[in-house]
Amino acid sequence: PDIVSDVDCTDESELCRELDIKGFPTITLFNKGTQSEYSGARTHDKLSKWLVGAIRNPPEAKKAPAPSPQKPPPKQEEKDTRPKLSKAEFKKAEANKKPLFVRFGAPWCGHSKAMNPEWDKMRNQFPGTVVDVDCTAERELCQEQGIRGFPTMKLLNKGDPQEYVGPRTHDKLSAWLTENLKKEEKGTSEEAAPGKPDEVANADD
């Protein structure tokens with residue numbers, strides 16, 4: 001029981017950044033100065049078998065590289081200046097039934113950073129609809145939305161939220177969003193259209 005534990009990277013973002021965590025969930029064993037990442041099936045049998053083997057036969061600890069005589073200054077991390085939606089703004093848009101295609105992420109998430117250029121194209125194509133939420137700042141909102149990994153992209157548009165699970169490219173994102181927005185518009189117009197009047201009975205009957 002004391003061996004298996006969890007770290008919430010929304011709370012411990014600095015620790016996860018130090019450990020170079022780039023996706024969720026990441027399962028790692030720390031044992032006798034070594035660090036081993038699990039990459040198999042996420043079932044009890046597979047996890048248990050791997051853990052027992054890794055504890056009994058830990059990999060040899062890697063030697064630290066010799067220090068460089070002239071170490072370059074650390075590269076400053078580029079600050080994400082993209083506007084982020086607050087919980088209040090999110091709720092207001094939701095109450096107004098405004099369509100939102102939301103990327104829930106974290107500033108330190110490698111996967112979110114990798115798709116930034118494609119996401120910027122989406123923001124330019126769908127201004128006001130394609131938005132970001134920083135889950136390190138809006139943790140409660142992200143918990144309400146059931147966010148368990150970064151980035152998670154969801155379309156909120158009157159009906160139940162729809163999660164996007166395809167390739168993170170502008171072409172695929174744009175095609176998916178356009179199609180789903182049209183579906184919602186079509187459904188709304190059909191609901192608003194008046195029903196056909198009953199056929200007038202034949203006077204001769």
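Me: Helices (H or I, at least four residues) and strands (E, at least two) are DSSP runs, numbered from the N terminus. Given that, where does K97 lie?

Reply: In this predicted model, K97 lies in the loop that links helix 3 (87-95) to strand 3 (100-105). The model is predicted, with local features needing pLDDT of at least 70 and side-chain atom pairs pLDDT 80 or more, while totals for chains, interfaces and linings use all residues. Residues are numbered from 1 along each chain as its sequence is written, and side-chain values use heavy atoms, with hydrogens and water left out.

Me: Why is K97 called exposed?

Reply: Exposed means over 50% relative accessible area, buried under 20%, and partly exposed in between (1.4 Å probe, protein chains only). K97 has a relative accessible area of 57%, so K97 is exposed. Its phi is near 55°, a positive value in a residue other than glycine.

Me: Why does S174 count as buried?

Reply: S174 has 9% relative accessibility and therefore counts as buried. S174 belongs to helix 7 (residues 170-192). Contact means heavy atoms within 4.5 Å; leaving aside neighbours within four places in sequence, S174 is in contact with M122, Q125 and F126.

Me: What makes the link of C9 to C16 a disulfide?

Reply: A disulfide is a pair of cysteine sulfur atoms within 2.5 Å. The S to S distance of C9 and C16 is 2.0 Å, so the pair meets that rule. The link has -85° about the S-S bond and is left-handed. C9 and C16 are both buried.

Me: Why is the disulfide of C135 and C142 called left-handed?

Reply: The torsion about its S-S bond is about -90°, so this disulfide is left-handed. The S to S distance of C135 and C142 is 2.0 Å, and both cysteines are buried. By the rule, the count comes to two disulfides. With the bonded cysteines numbered in sequence order, the pairing is 1-2, 3-4.

Me: What makes a set of residues a nonpolar core, and which members of the largest one touch the most other members?

Reply: A nonpolar core is a set of buried Ala, Val, Leu, Ile, Met, Phe, Trp, Tyr and Cys residues joined through side-chain atoms within 4.5 Å. The largest has 20 residues, of which F90, L100, V102, F104, V133 and F150 touch the most other members. Helix 3, strand 3, strand 4 (130-134) and helix 6 each give two or more residues to this core. Strand 3 gives the most, with three residues. Apart from this core lies another, of 13 residues, among them M115, W119, L155 and W176.

Me: What is the peptide bond from F150 to P151?

Reply: This bond is cis, with omega near -15°. P151 is in the loop between helix 6 (139-144) and strand 5 (152-156).

Me: How many helices and strands does the chain have?

Reply: The chain has seven helices and six strands, and from the N terminus on the elements run α-β-β-α-α-β-α-α-β-α-β-β-α. Of its 205 residues, 30% are buried.
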